[in-house]
Amino acid sequence: MSLSKTSFIKGLQCHKYVYLYKHHSKFRDWLSPEKLSKFKRGTDIGYYAQQFFPGGIDLKPKSHYHYKKALELTAFHVEQKTPVIYEASFMYNDVLIFLDILTYKDGHWYAYEVKSSLEISETYLNDAALQYYVLSGTGIPVRDMSLIYMNEKYTRKGEVDVFGLFSIQSVLDDVLSRQQMISSEVIKQKEILANESIPEREVGVHCYTPYDCDFLGYCWKKYRHTNSILNVEFLGIEKRFDLLEKGFETIEQLNKNAELDGIVSLRIQCLFDKKDYIDKPVLEAYLNKVGVKSCYIDVLGFKSAFPLVENASPYNFFPFSVTVVPVNEINNTTHYYYTHVAGTHVPFIEFLNQIALQYDSIITYDKLFLLNALRNINHNEASVLLNNKSFTDKLIGIKEVFNDGLFISSKINGTFDFENVLTELNLKNTFKKKDINNIYEATAVFMDNYAVDNKQIMQDAMQSLLSYSSDNIRYLDRLISFLKKKI
Ligand code: SF4
(Lines give C-alpha, C1' and ligand atoms only; values in the text may rest on other atoms or scores of the structure.)
Protein backbone atom coordinates (compact mmCIF):
# COMPACT_ATOMS: atom_id res chain seq x y z
CA MET A 1 0.00 0.00 0.00
CA SER A 2 1.29 3.47 -0.90
CA LEU A 3 2.03 6.29 1.50
CA SER A 4 1.65 10.01 0.97
CA LYS A 5 3.44 12.76 2.82
CA THR A 6 0.27 13.40 4.84
CA SER A 7 -0.16 9.77 5.86
CA PHE A 8 3.55 9.38 6.66
CA ILE A 9 3.46 12.36 9.04
CA LYS A 10 0.37 10.89 10.73
CA GLY A 11 2.23 7.59 11.05
CA LEU A 12 5.17 9.34 12.71
CA GLN A 13 2.71 10.65 15.31
CA CYS A 14 1.12 7.23 15.92
CA HIS A 15 1.12 4.00 13.89
CA LYS A 16 -2.49 3.37 14.77
CA TYR A 17 -3.30 6.79 13.32
CA VAL A 18 -1.88 6.00 9.86
CA TYR A 19 -3.57 2.57 9.91
CA LEU A 20 -6.99 4.05 10.69
CA TYR A 21 -6.44 6.86 8.18
CA LYS A 22 -5.67 4.40 5.36
CA HIS A 23 -8.03 1.54 6.23
CA HIS A 24 -10.87 2.92 8.36
CA SER A 25 -11.55 6.49 7.27
CA LYS A 26 -15.21 6.01 8.29
CA PHE A 27 -14.10 6.19 11.95
CA ARG A 28 -12.63 9.63 11.37
CA ASP A 29 -13.96 12.63 13.32
CA TRP A 30 -15.78 15.35 11.42
CA LEU A 31 -13.20 17.84 10.21
CA SER A 32 -13.39 20.70 12.67
CA PRO A 33 -13.92 24.19 11.22
CA GLU A 34 -10.53 25.08 12.72
CA LYS A 35 -8.75 22.32 10.78
CA LEU A 36 -10.55 23.25 7.57
CA SER A 37 -9.45 26.87 7.90
CA LYS A 38 -5.83 25.76 8.45
CA PHE A 39 -5.89 23.76 5.20
CA LYS A 40 -7.18 26.77 3.32
CA ARG A 41 -4.54 29.03 4.88
CA GLY A 42 -1.76 26.67 3.72
CA THR A 43 -3.08 26.73 0.14
CA ASP A 44 -3.43 30.52 0.02
CA ILE A 45 0.08 31.14 1.33
CA GLY A 46 1.50 28.59 -1.13
CA TYR A 47 0.11 30.68 -3.96
CA TYR A 48 1.89 33.84 -2.74
CA ALA A 49 5.18 31.99 -2.23
CA GLN A 50 5.11 30.88 -5.86
CA GLN A 51 5.72 34.52 -6.78
CA PHE A 52 9.26 34.07 -5.48
CA PHE A 53 9.86 32.03 -8.61
CA PRO A 54 7.40 33.50 -11.10
CA GLY A 55 6.37 32.05 -14.44
CA GLY A 56 6.45 28.40 -13.38
CA ILE A 57 4.23 25.63 -14.68
CA ASP A 58 1.61 24.38 -12.23
CA LEU A 59 1.30 20.59 -12.33
CA LYS A 60 -1.12 20.25 -9.45
CA PRO A 61 -3.52 17.38 -10.27
CA LYS A 62 -7.28 18.00 -10.07
CA SER A 63 -7.36 15.55 -7.17
CA HIS A 64 -5.15 12.88 -5.66
CA TYR A 65 -6.92 10.33 -7.88
CA HIS A 66 -5.26 11.94 -10.93
CA TYR A 67 -1.77 11.45 -9.55
CA LYS A 68 -0.63 9.08 -12.34
CA LYS A 69 -1.14 11.77 -14.97
CA ALA A 70 0.65 14.26 -12.69
CA LEU A 71 3.61 11.87 -12.34
CA GLU A 72 3.86 11.57 -16.14
CA LEU A 73 3.69 15.32 -16.63
CA THR A 74 6.32 15.90 -13.95
CA ALA A 75 8.63 13.33 -15.57
CA PHE A 76 8.20 15.13 -18.87
CA HIS A 77 9.04 18.55 -17.43
CA VAL A 78 12.01 17.20 -15.47
CA GLU A 79 13.29 15.70 -18.72
CA GLN A 80 12.81 19.09 -20.39
CA LYS A 81 14.56 20.79 -17.45
CA THR A 82 11.68 23.24 -17.08
CA PRO A 83 13.10 26.07 -14.93
CA VAL A 84 10.21 26.38 -12.43
CA ILE A 85 7.63 23.70 -11.58
CA TYR A 86 4.89 24.13 -8.96
CA GLU A 87 3.40 21.04 -7.30
CA ALA A 88 5.67 18.54 -9.04
CA SER A 89 4.81 14.95 -8.11
CA PHE A 90 7.19 12.06 -7.52
CA MET A 91 6.84 8.51 -6.34
CA TYR A 92 9.52 6.27 -4.91
CA ASN A 93 9.17 3.02 -2.98
CA ASP A 94 5.38 3.56 -2.99
CA VAL A 95 5.68 6.98 -1.35
CA LEU A 96 3.94 9.76 -3.28
CA ILE A 97 4.86 13.41 -2.76
CA PHE A 98 3.85 16.75 -4.22
CA LEU A 99 6.65 19.28 -3.97
CA ASP A 100 5.60 22.94 -3.69
CA ILE A 101 8.34 24.40 -5.89
CA LEU A 102 11.11 22.77 -7.92
CA THR A 103 13.57 24.93 -9.85
CA TYR A 104 16.33 24.18 -12.32
CA LYS A 105 19.20 26.63 -12.51
CA ASP A 106 22.75 26.45 -13.87
CA GLY A 107 22.55 22.68 -14.24
CA HIS A 108 21.14 21.94 -10.75
CA TRP A 109 17.76 21.18 -9.18
CA TYR A 110 16.55 23.05 -6.07
CA ALA A 111 13.56 21.99 -3.97
CA TYR A 112 11.34 24.23 -1.82
CA GLU A 113 8.50 23.48 0.57
CA VAL A 114 6.22 26.32 1.70
CA LYS A 115 4.94 26.54 5.28
CA SER A 116 2.39 29.09 6.48
CA SER A 117 3.98 29.37 9.90
CA LEU A 118 6.47 31.65 11.60
CA GLU A 119 9.06 29.01 12.45
CA ILE A 120 10.51 25.70 11.35
CA SER A 121 9.22 22.82 13.45
CA GLU A 122 10.36 19.20 13.86
CA THR A 123 7.39 18.09 11.77
CA TYR A 124 8.41 20.38 8.90
CA LEU A 125 11.94 18.97 8.99
CA ASN A 126 10.58 15.41 8.86
CA ASP A 127 8.27 16.48 6.05
CA ALA A 128 11.22 17.95 4.07
CA ALA A 129 13.32 14.86 4.84
CA LEU A 130 10.62 12.63 3.31
CA GLN A 131 10.51 14.86 0.21
CA TYR A 132 14.26 14.56 -0.13
CA TYR A 133 14.07 10.77 0.35
CA VAL A 134 11.63 10.46 -2.55
CA LEU A 135 13.41 12.98 -4.79
CA SER A 136 16.79 11.31 -4.37
CA GLY A 137 15.17 7.88 -4.72
CA THR A 138 13.70 8.85 -8.11
CA GLY A 139 17.11 10.03 -9.23
CA ILE A 140 16.65 13.79 -8.95
CA PRO A 141 20.00 15.08 -7.70
CA VAL A 142 18.66 17.95 -5.58
CA ARG A 143 21.45 20.36 -4.85
CA ASP A 144 19.60 22.07 -2.02
CA MET A 145 16.36 21.65 -0.10
CA SER A 146 14.84 24.71 1.58
CA LEU A 147 11.79 25.70 3.57
CA ILE A 148 9.95 28.91 2.77
CA TYR A 149 8.07 30.25 5.79
CA MET A 150 6.58 33.49 7.08
CA ASN A 151 8.97 36.24 8.17
CA GLU A 152 7.62 37.56 11.48
CA LYS A 153 9.74 40.73 11.18
CA TYR A 154 8.03 41.79 7.99
CA THR A 155 5.72 44.80 8.22
CA ARG A 156 3.51 45.71 5.33
CA LYS A 157 4.13 49.11 3.75
CA GLY A 158 1.93 49.62 0.72
CA GLU A 159 1.68 46.58 -1.56
CA VAL A 160 2.88 43.31 -0.01
CA ASP A 161 6.47 42.48 -0.95
CA VAL A 162 6.71 38.68 -1.18
CA PHE A 163 10.50 38.84 -0.84
CA GLY A 164 10.08 40.47 2.56
CA LEU A 165 7.03 38.44 3.58
CA PHE A 166 8.82 35.08 3.45
CA SER A 167 12.08 33.72 4.79
CA ILE A 168 13.97 30.97 2.99
CA GLN A 169 16.21 28.60 4.88
CA SER A 170 18.21 25.67 3.60
CA VAL A 171 17.51 22.55 5.66
CA LEU A 172 19.72 20.24 3.60
CA ASP A 173 22.08 19.19 6.43
CA ASP A 174 19.18 18.41 8.74
CA VAL A 175 17.32 16.56 6.02
CA LEU A 176 20.41 14.44 5.16
CA SER A 177 20.87 13.50 8.82
CA ARG A 178 17.27 12.12 8.88
CA GLN A 179 17.50 9.88 5.81
CA GLN A 180 18.25 6.68 7.76
CA MET A 181 15.30 7.29 10.10
CA ILE A 182 12.97 8.08 7.18
CA SER A 183 13.99 4.96 5.31
CA SER A 184 13.36 2.62 8.27
CA GLU A 185 10.12 4.41 9.18
CA VAL A 186 8.79 3.99 5.62
CA ILE A 187 9.48 0.23 5.87
CA LYS A 188 7.83 0.06 9.31
CA GLN A 189 4.71 1.96 8.22
CA LYS A 190 4.29 -0.20 5.13
CA GLU A 191 4.52 -3.35 7.28
CA ILE A 192 1.90 -1.96 9.66
CA LEU A 193 -0.43 -1.06 6.80
CA ALA A 194 -0.13 -4.59 5.41
CA ASN A 195 -1.47 -6.08 8.68
CA GLU A 196 -5.02 -7.37 8.93
CA SER A 197 -5.80 -5.82 12.27
CA ILE A 198 -5.66 -2.36 13.83
CA PRO A 199 -2.38 -1.90 15.75
CA GLU A 200 -2.64 -1.66 19.54
CA ARG A 201 -1.89 1.77 20.93
CA GLU A 202 -3.28 3.32 24.09
CA VAL A 203 -4.31 6.97 24.07
CA GLY A 204 -1.76 9.47 25.36
CA VAL A 205 -0.27 12.92 24.94
CA HIS A 206 0.73 11.83 21.42
CA CYS A 207 -2.98 12.03 20.44
CA TYR A 208 -2.58 15.81 20.47
CA THR A 209 1.08 16.18 19.52
CA PRO A 210 2.13 17.62 17.13
CA TYR A 211 -1.46 17.75 15.83
CA ASP A 212 -4.86 16.78 17.15
CA CYS A 213 -5.48 13.29 15.76
CA ASP A 214 -8.47 12.81 13.44
CA PHE A 215 -9.58 9.71 15.38
CA LEU A 216 -9.96 11.14 18.89
CA GLY A 217 -13.66 10.22 18.92
CA TYR A 218 -12.90 6.61 18.01
CA CYS A 219 -10.02 5.97 20.43
CA TRP A 220 -11.26 8.07 23.35
CA LYS A 221 -14.88 6.95 23.29
CA LYS A 222 -14.34 4.26 25.93
CA TYR A 223 -13.54 7.02 28.45
CA ARG A 224 -16.52 9.25 27.62
CA HIS A 225 -19.28 9.29 30.23
CA THR A 226 -17.10 7.46 32.73
CA ASN A 227 -15.47 8.77 35.88
CA SER A 228 -11.99 8.38 34.35
CA ILE A 229 -9.69 11.34 34.94
CA LEU A 230 -9.04 11.30 31.18
CA ASN A 231 -12.47 12.92 30.93
CA VAL A 232 -11.49 15.89 33.07
CA GLU A 233 -10.42 18.13 30.21
CA PHE A 234 -9.88 21.29 32.27
CA LEU A 235 -6.79 19.62 33.80
CA GLY A 236 -5.04 19.82 30.43
CA ILE A 237 -3.76 16.83 28.48
CA GLU A 238 -0.28 16.55 30.05
CA LYS A 239 -1.53 16.83 33.63
CA ARG A 240 -4.11 14.08 33.06
CA PHE A 241 -1.48 11.61 31.88
CA ASP A 242 0.95 12.72 34.56
CA LEU A 243 -1.69 11.94 37.22
CA LEU A 244 -2.57 8.65 35.53
CA GLU A 245 1.08 7.62 35.71
CA LYS A 246 1.05 8.42 39.42
CA GLY A 247 -1.82 5.96 39.86
CA PHE A 248 -4.85 8.28 39.85
CA GLU A 249 -7.36 6.75 37.49
CA THR A 250 -10.74 8.02 38.63
CA ILE A 251 -12.30 11.30 39.74
CA GLU A 252 -12.87 9.66 43.12
CA GLN A 253 -9.15 8.92 43.56
CA LEU A 254 -8.33 12.40 42.37
CA ASN A 255 -10.74 13.91 44.89
CA LYS A 256 -8.49 12.60 47.65
CA ASN A 257 -5.33 13.87 46.00
CA ALA A 258 -3.83 16.73 48.01
CA GLU A 259 -1.36 17.69 45.30
CA LEU A 260 -3.83 19.69 43.19
CA ASP A 261 -3.93 23.41 43.78
CA GLY A 262 -6.92 24.94 45.61
CA ILE A 263 -9.24 25.87 42.77
CA VAL A 264 -8.56 22.68 40.74
CA SER A 265 -9.17 20.59 43.83
CA LEU A 266 -12.48 22.41 44.36
CA ARG A 267 -13.48 21.73 40.75
CA ILE A 268 -12.73 18.04 41.16
CA GLN A 269 -14.77 17.99 44.36
CA CYS A 270 -17.74 19.56 42.51
CA LEU A 271 -17.51 16.89 39.79
CA PHE A 272 -17.30 14.14 42.39
CA ASP A 273 -20.14 15.46 44.63
CA LYS A 274 -22.18 16.53 41.55
CA LYS A 275 -22.77 19.85 43.30
CA ASP A 276 -22.06 23.42 42.13
CA TYR A 277 -19.88 25.83 44.10
CA ILE A 278 -20.79 29.52 44.16
CA ASP A 279 -18.79 32.30 45.78
CA LYS A 280 -21.97 34.35 46.19
CA PRO A 281 -20.64 37.72 47.50
CA VAL A 282 -17.82 37.93 44.95
CA LEU A 283 -20.02 36.72 42.08
CA GLU A 284 -22.70 39.25 43.01
CA ALA A 285 -20.19 42.12 43.15
CA TYR A 286 -18.81 41.02 39.79
CA LEU A 287 -22.18 40.80 38.07
CA ASN A 288 -23.26 44.14 39.54
CA LYS A 289 -20.79 45.76 37.16
CA VAL A 290 -23.30 44.93 34.43
CA GLY A 291 -25.48 48.00 34.87
CA VAL A 292 -27.93 50.20 32.99
CA LYS A 293 -25.15 52.06 31.19
CA SER A 294 -23.40 48.90 30.02
CA CYS A 295 -23.13 47.43 26.57
CA TYR A 296 -22.33 44.01 25.17
CA ILE A 297 -19.58 43.75 22.61
CA ASP A 298 -18.72 40.93 20.21
CA VAL A 299 -15.49 41.23 18.22
CA LEU A 300 -14.84 38.92 15.27
CA GLY A 301 -11.34 38.60 13.95
CA PHE A 302 -8.51 36.21 13.29
CA LYS A 303 -4.76 36.07 13.14
CA SER A 304 -4.07 36.54 9.49
CA ALA A 305 -0.94 34.86 8.08
CA PHE A 306 -1.10 37.34 5.22
CA PRO A 307 -0.81 40.98 6.35
CA LEU A 308 -4.07 42.42 5.07
CA VAL A 309 -3.60 46.05 6.14
CA GLU A 310 -0.93 48.73 6.33
CA ASN A 311 1.57 48.19 9.20
CA ALA A 312 0.42 44.61 9.77
CA SER A 313 2.91 41.75 10.14
CA PRO A 314 2.21 38.03 9.54
CA TYR A 315 -0.23 36.65 12.12
CA ASN A 316 -1.22 40.04 13.49
CA PHE A 317 -4.80 40.10 14.69
CA PHE A 318 -7.23 41.30 12.06
CA PRO A 319 -10.61 42.47 13.40
CA PHE A 320 -13.31 42.53 10.75
CA SER A 321 -16.54 42.97 12.66
CA VAL A 322 -17.60 44.51 15.98
CA THR A 323 -21.16 44.42 17.25
CA VAL A 324 -22.30 46.53 20.19
CA VAL A 325 -25.67 46.26 21.92
CA PRO A 326 -26.76 48.27 25.00
CA VAL A 327 -27.64 45.88 27.86
CA ASN A 328 -31.08 47.44 28.27
CA GLU A 329 -31.91 47.87 24.60
CA ILE A 330 -31.12 44.51 23.09
CA ASN A 331 -32.44 45.56 19.63
CA ASN A 332 -30.42 48.77 19.37
CA THR A 333 -27.38 47.36 17.58
CA THR A 334 -24.31 49.25 16.36
CA HIS A 335 -22.15 47.39 13.89
CA TYR A 336 -18.66 48.22 12.69
CA TYR A 337 -17.19 46.15 9.91
CA TYR A 338 -13.96 46.41 8.03
CA THR A 339 -14.01 47.37 4.38
CA HIS A 340 -10.98 47.07 2.12
CA VAL A 341 -11.27 50.80 1.41
CA ALA A 342 -10.13 51.49 5.00
CA GLY A 343 -6.75 49.77 4.58
CA THR A 344 -5.76 50.32 8.23
CA HIS A 345 -6.84 49.36 11.75
CA VAL A 346 -7.58 52.99 12.69
CA PRO A 347 -11.40 52.92 12.16
CA PHE A 348 -11.65 49.82 14.39
CA ILE A 349 -9.74 51.52 17.22
CA GLU A 350 -11.71 54.75 16.80
CA PHE A 351 -14.91 52.70 17.08
CA LEU A 352 -13.74 51.18 20.39
CA ASN A 353 -12.79 54.66 21.66
CA GLN A 354 -16.31 55.88 20.96
CA ILE A 355 -17.85 52.92 22.76
CA ALA A 356 -15.68 53.63 25.81
CA LEU A 357 -16.96 57.23 25.84
CA GLN A 358 -20.61 56.16 25.58
CA TYR A 359 -20.78 53.40 28.21
CA ASP A 360 -19.79 52.82 31.85
CA SER A 361 -18.88 49.20 31.25
CA ILE A 362 -18.29 47.01 28.20
CA ILE A 363 -19.29 43.37 28.61
CA THR A 364 -17.70 40.61 26.62
CA TYR A 365 -17.11 36.92 27.28
CA ASP A 366 -13.35 36.78 26.88
CA LYS A 367 -11.80 40.07 27.92
CA LEU A 368 -8.27 38.70 27.49
CA PHE A 369 -9.00 37.83 23.88
CA LEU A 370 -9.88 41.46 23.14
CA LEU A 371 -6.88 42.87 25.06
CA ASN A 372 -4.49 40.41 23.39
CA ALA A 373 -6.01 41.24 20.03
CA LEU A 374 -5.25 44.91 20.60
CA ARG A 375 -1.72 44.11 21.84
CA ASN A 376 -1.22 42.16 18.64
CA ILE A 377 -2.14 45.10 16.39
CA ASN A 378 0.98 46.83 15.21
CA HIS A 379 -0.33 50.39 15.44
CA ASN A 380 0.34 53.28 17.75
CA GLU A 381 -3.40 53.96 18.18
CA ALA A 382 -3.84 50.43 19.55
CA SER A 383 -1.12 51.03 22.19
CA VAL A 384 -2.76 54.32 23.17
CA LEU A 385 -6.10 52.55 23.65
CA LEU A 386 -4.48 49.81 25.73
CA ASN A 387 -2.93 52.45 28.02
CA ASN A 388 -6.22 54.26 28.35
CA LYS A 389 -7.56 53.12 31.71
CA SER A 390 -10.99 54.52 30.99
CA PHE A 391 -11.21 51.83 28.30
CA THR A 392 -9.46 48.87 29.97
CA ASP A 393 -11.11 49.39 33.37
CA LYS A 394 -14.51 49.30 31.71
CA LEU A 395 -13.98 45.91 30.09
CA ILE A 396 -15.73 43.07 31.92
CA GLY A 397 -15.03 39.48 30.88
CA ILE A 398 -17.60 36.91 32.02
CA LYS A 399 -15.12 34.08 31.41
CA GLU A 400 -13.36 35.24 34.60
CA VAL A 401 -16.35 33.95 36.58
CA PHE A 402 -15.32 30.44 35.49
CA ASN A 403 -11.55 30.95 35.38
CA ASP A 404 -11.45 32.40 38.90
CA GLY A 405 -13.89 29.84 40.31
CA LEU A 406 -16.64 32.32 41.31
CA PHE A 407 -19.04 29.74 39.94
CA ILE A 408 -17.93 26.12 39.55
CA SER A 409 -20.44 23.95 37.78
CA SER A 410 -20.53 20.24 38.46
CA LYS A 411 -21.44 19.85 34.79
CA ILE A 412 -18.33 21.45 33.29
CA ASN A 413 -15.39 19.11 32.90
CA GLY A 414 -14.12 20.73 29.70
CA THR A 415 -12.57 24.07 28.89
CA PHE A 416 -14.15 27.42 29.70
CA ASP A 417 -14.53 28.44 26.07
CA PHE A 418 -17.82 30.21 25.39
CA GLU A 419 -19.19 27.41 23.19
CA ASN A 420 -18.28 24.72 25.69
CA VAL A 421 -19.70 26.57 28.70
CA LEU A 422 -22.99 27.25 26.87
CA THR A 423 -23.27 23.64 25.76
CA GLU A 424 -22.42 22.11 29.14
CA LEU A 425 -24.81 24.44 30.96
CA ASN A 426 -27.49 23.60 28.41
CA LEU A 427 -27.94 27.22 27.41
CA LYS A 428 -27.53 26.81 23.72
CA ASN A 429 -29.96 25.57 21.14
CA THR A 430 -27.63 23.30 19.19
CA PHE A 431 -30.22 22.08 16.73
CA LYS A 432 -30.63 25.20 14.65
CA LYS A 433 -28.03 25.37 11.90
CA LYS A 434 -27.34 28.96 10.82
CA ASP A 435 -25.50 30.59 7.89
CA ILE A 436 -22.56 31.10 10.24
CA ASN A 437 -22.04 28.75 13.17
CA ASN A 438 -18.55 29.56 14.41
CA ILE A 439 -15.71 32.05 14.08
CA TYR A 440 -14.05 30.00 11.30
CA GLU A 441 -17.16 30.16 9.15
CA ALA A 442 -17.48 33.87 9.99
CA THR A 443 -13.88 34.43 8.85
CA ALA A 444 -14.53 32.51 5.62
CA VAL A 445 -17.64 34.64 4.89
CA PHE A 446 -15.64 37.81 5.46
CA MET A 447 -12.63 36.73 3.39
CA ASP A 448 -14.81 35.60 0.49
CA ASN A 449 -16.77 38.82 0.30
CA TYR A 450 -15.02 41.85 1.76
CA ALA A 451 -13.34 42.92 -1.45
CA VAL A 452 -16.12 42.16 -3.92
CA ASP A 453 -17.35 45.06 -6.01
CA ASN A 454 -20.99 44.05 -5.75
CA LYS A 455 -22.41 46.14 -2.90
CA GLN A 456 -25.42 43.90 -2.39
CA ILE A 457 -23.31 40.74 -1.99
CA MET A 458 -21.06 42.47 0.48
CA GLN A 459 -23.99 43.86 2.49
CA ASP A 460 -25.58 40.39 2.64
CA ALA A 461 -22.30 38.97 3.97
CA MET A 462 -22.01 41.68 6.59
CA GLN A 463 -25.64 41.07 7.58
CA SER A 464 -24.78 37.40 8.20
CA LEU A 465 -21.84 38.43 10.38
CA LEU A 466 -24.08 40.83 12.32
CA SER A 467 -26.67 38.12 12.81
CA TYR A 468 -23.99 35.68 14.09
CA SER A 469 -22.64 38.26 16.55
CA SER A 470 -26.14 39.24 17.68
CA ASP A 471 -26.75 35.58 18.54
CA ASN A 472 -23.48 35.49 20.50
CA ILE A 473 -24.62 38.53 22.45
CA ARG A 474 -28.03 36.99 23.15
CA TYR A 475 -26.26 33.90 24.51
CA LEU A 476 -24.00 36.07 26.65
CA ASP A 477 -27.09 37.83 28.02
CA ARG A 478 -28.64 34.41 28.72
CA LEU A 479 -25.47 33.26 30.51
CA ILE A 480 -25.48 36.35 32.72
CA SER A 481 -29.17 35.82 33.60
CA PHE A 482 -28.33 32.20 34.46
CA LEU A 483 -25.50 33.33 36.75
CA LYS A 484 -27.65 35.99 38.39
CA LYS A 485 -30.19 33.34 39.35
CA LYS A 486 -27.40 31.51 41.19
CA ILE A 487 -26.78 34.42 43.57
S1 SF4 B 1 -6.42 8.95 19.01
FE2 SF4 B 1 -4.35 8.64 19.78
S3 SF4 B 1 -4.10 6.43 19.92
FE4 SF4 B 1 -5.85 6.79 18.59
S5 SF4 B 1 -5.01 6.82 16.55
FE6 SF4 B 1 -5.05 8.91 17.24
S7 SF4 B 1 -3.04 9.27 18.11
FE8 SF4 B 1 -3.27 7.05 17.93
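Biologist: In what order do the strands of the open sheet of 5 strands run?

Modeller: This is a predicted model, in which local features need pLDDT of at least 70 and side-chain atom pairs count only at pLDDT 80 or more, while totals for chains, interfaces and linings use all residues. Residues are numbered from 1 along each chain as its sequence is written. Strands here are DSSP runs of E with at least two residues, helices are runs of H or I with at least four, and both are numbered from the N terminus; two strands pair if DSSP finds at least two bridges between them. With mixed pairing, the order in the open sheet is β11-β10-β9-β12-β13.

Biologist: Which strands stand at the edges of that sheet?

Modeller: An edge strand here has a single partner strand, so one side of it is left without a neighbour in the sheet. From one strand to the next, the twist averages 30 degrees, where axes are lines fitted to C-alpha atoms, for helices over the stretch in contact, and angles run from 0 to 180 degrees between N-to-C directions. The strands at the edges are β11 (334-337) and β13 (395-397).

Biologist: Over how many bridges do β9 and β10 pair?

Modeller: Strand β9 covers residues 294-304 and strand β10 covers residues 316-326, and the two pair in the antiparallel sense. S304 stands opposite N316 in β10. The number of bridges between β9 and β10 is 10.

Biologist: At about what angle to β10 does helix α14 run?

Modeller: Helix α14 (residues 346-358) lies across β9, β10, β11 and β12 (361-364). Helix α15 (residues 367-375) lies across β9, β10, β12 and β13, running at about 130 degrees to β13. For α14 and β10, the angle is about 30 degrees.

Biologist: Which element gives the most residues to the shell around the ligand?

Modeller: The ligand is surrounded by 13 residues, the closest being C14, Y17, C207, C213 and C219, where a residue is near a molecule if its C-beta atom, placed from the backbone, lies within 6 Å of it. Two or more residues come from each of α2 (15-23) and α9 (216-220). The shell draws at least three residues from each of domain 1 (3-194) and domain 2 (205-276), with bounds from an automatic or database domain assignment. The element that gives the most, with 3 residues, is α2.

Key
Two residues are in contact if their C-beta atoms, placed from the backbone, lie within 7 Å.
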